[in-house]
Amino acid sequence: MEDTASYPTIEPSNFDLIVVGTGLPESILAAAASAAGKSVLHIDSNPYYGSHFASLNLQEFTTFLQSQSQSPNSTPAEIQPDSSSEFETVPLATRPMYSSVEIISNSPEDPKVLFCADEMMNLIVKTDIHQYMGAFQSIDGSYVFDGSNGCLRNVPDSRSAIFKDKSLSLAEKNQLMRFFKLVQGHFQSDGGEESKRISEKDLESPFVEFLSQKIGLSEKLKSIILYAIAMADYDQENKEVCKVVLKTKEGIDRLILYHSSIGRFPDAPGAMIYPIYGQGVLLESFCRRAAVKGCTYVLRMPVVGLLVHKDDTSYKGVKLASGQELFGHQLILAPSFILSPGLAHSSPGMQGVKVKVTRGICITKNPLKPEVANCLVFYPPQSLCPDQLTSVRVLQLSSNVKSSPSGMACKLVTRGAALPCPQTQPLPHTLPQRNNQTKATYIPHYPIFSGKFGFGFCSLPQLKEINSESEIN
């Protein structure tokens with residue numbers, strides 16, 4: 001541990017909210033609380049913002065990989081008890097956020113694209129966070145691999161794309177147009193005309209069965225809708241290996257989000273966009289917004305323990321590596337911390353769910369689509385080989401998003417199974433409260449973009465947890 005003299009003294013020492021870790025969920029909550037007029041301290045042991053959501057340059061990334069591969073789960077620091085104090089310090093341990101496979105082979109967090117109409121973009125537009133961040137780059141095209149002839153085909157995701165697609169027969173174009181019209185009518189009726197709405201029975205049925213039996217789509221069209229637009233992960237046709245069956249309701253919701261995203265912004269004619277400097281600029285923008293609203297930021301400041309009351313073990317504050325004690329009414333901890341057994345009440349949720357994800361990063365001279373700078377390519381299950389049980393997604397980024405040298409392309413490949421996506425805030429661990437005034441929240445390690453391997457649907461924490469009327473404005 002560094003000499004405590006190297007750590008600055010933080011003043012004041014009392015806050016409404018203390019946030020430990022500068023990941024995306026923590027940064028959004030810090031910005032919301034600051035905008036609501038709360039006094040907020042936002043601290044991180046790292047020398048950079050972002051935790052496991054950070055965008056790092058090559059030198060920073062190399063340093064990060066070395067530190068992660070050499071840092072097993074840390075044991076809590078030994079803290080001498082103070083008999084004269086009314087508080088007890090409960091040591092905090094940390095754990096690495098990535099497996100050894102992830103650290104050795106590829107980037108710990110692949111860049112993510114955003115749907116133009118998803119919750120994250122709505123939040124960015126509503127709160128003017130975009131003024132603190134760089135530009136977005138449009139994803140110029142989406143393609144699906146046709147395993148029967150080994151070529152990439154355009155994803156017919158709009159009326160104009162359907163009419164221009166020469167690979168579709170007239171009958172297939174009419175089928176798609178009728179289906180998209182049905183989806184649009186279901187969305188626009190919104191509880192109105194029952195004749196335009198899809199029945200509740202159909203909404204609860206598997207999406208693949210709805211497309212086959214109710215709509216009568218061909219195998220080619222089903223594959224496009226399931227894996228390139230609705231972005232299902234498992235082979236929906238094979239019930240024996242399909243661990244997550246996509247219901248019709250969720251599939252329709254994904255199609256509505258996709259179509260609502262097309263053409264939302266003048267400079268992004270497609271459905272998706274990508275932050276030029278990576279996902280890390282999102283959280284940095286929320287941190288800047290929080291700082292403007294009065295939030296105090298301190299980097300390179302480890303937290304070694306929680307302060308709890310000796311009588312009822314209710315949370316009171318945190319103890320820093322410098323030895324300073326800070327007090328707050330509420331606390332938010334990053335997922336890299338391990339809470340002592342019995343200190344937190346674990347809520348039922350997604351804890352313990354284990355999945356396997358394979359990622360790869362390639363920088364090549366030959367792009368998948370030479371005429372398109374930035375694009376998404378989808379390889380449906382069994383399109384590459386009979387044993388392919390899950391879809392494979394490739395995000396191609398050109399040098400115009402600073403991801404590769406000029407004249408080359410960066411390809412981010414993801415294959416695996418996604419975690420189920422919570423539509424609300426992940427269920428937190430909470431410390432015992434005292435007079436319902438002091439609370440600590442632990443944010444589980446869930447992907448903020450619903451786990452769709454960087455190409456999914458945004459799910460944000462509920463900002464009402466801080467203040468029922470707070471907005472980042």
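A: Leucine 255 is in contact (heavy atoms within 4.5 Å) with Phe179, Phe180, Val183, Phe207, Ile225, Ile229 and Ala230, residues up to four places away in sequence being left out. The model is a predicted one, in which local features need pLDDT of at least 70 and side-chain atom pairs count only at pLDDT 80 or more, while totals for chains, interfaces and linings use all residues. Numbering starts from 1 along each chain as its sequence is written, and side-chain values rest on heavy atoms, with hydrogens and water left out.

Leu255 belongs to the largest nonpolar core, a set of 47 residues. Such a core consists of buried Ala, Val, Leu, Ile, Met, Phe, Trp, Tyr and Cys residues joined through side-chain atoms within 4.5 Å. Buried here denotes under 20% relative accessible area, exposed denotes over 50%, and partly exposed lies in between (1.4 Å probe, protein chains only). The residues with the most contacts inside this core are Leu255 together with Phe179, Phe207, Leu211, Ile225 and Met272. Two or more residues come from each of helices H6 (170-189), H8 (207-215), H9 (219-229) and H10 (248-261), and from each of strands E9 (272-275), E16 (375-379), E17 (392-398) and E18 (409-416). These elements are DSSP runs numbered from the N terminus: helices (H or I) have at least four residues and strands (E) at least two. H9 makes the greatest contribution to the core, with seven residues.

Five of its five residues are buried, so E16 is largely enclosed by the rest of the structure. In a regular strand, side chains alternate between the two faces of the sheet. On one side of E16 lie Cys375, Val377 and Tyr379, on the other Leu376 and Phe378, and all are buried, so that both faces are covered. Strands are taken as paired if DSSP finds at least two bridges between them. E16 runs parallel to strand E7 (residues 141-146), to which four bridges join it, and serine 142 stands opposite leucine 376. With E17 the arrangement is antiparallel, over five bridges, and leucine 376 has leucine 395 as its bridge partner in E17. The loop between E16 and E17 holds glutamine 382, which has a positive phi of about 70° although it is not a glycine. Most residues other than glycine have a negative phi. Glutamine 382 is partly exposed, at a relative accessible area of 42%.

E9, another strand that contributes to the core, lies in an open sheet of three antiparallel strands in the order E5-E9-E6. Strands E5 (114-115) and E6 (136-138) stand at the edges with a single partner strand each, so one side of each has no neighbour in the sheet. Three bridges link E6 to E9 in the antiparallel sense, and glutamine 137 has tyrosine 274 as its bridge partner in E9. The loop between helix H4 (119-127) and E6 contains aspartate 128. Aspartate 128 also has a positive phi, about 60°, although it is not a glycine, and its relative accessibility of 36% makes it partly exposed.
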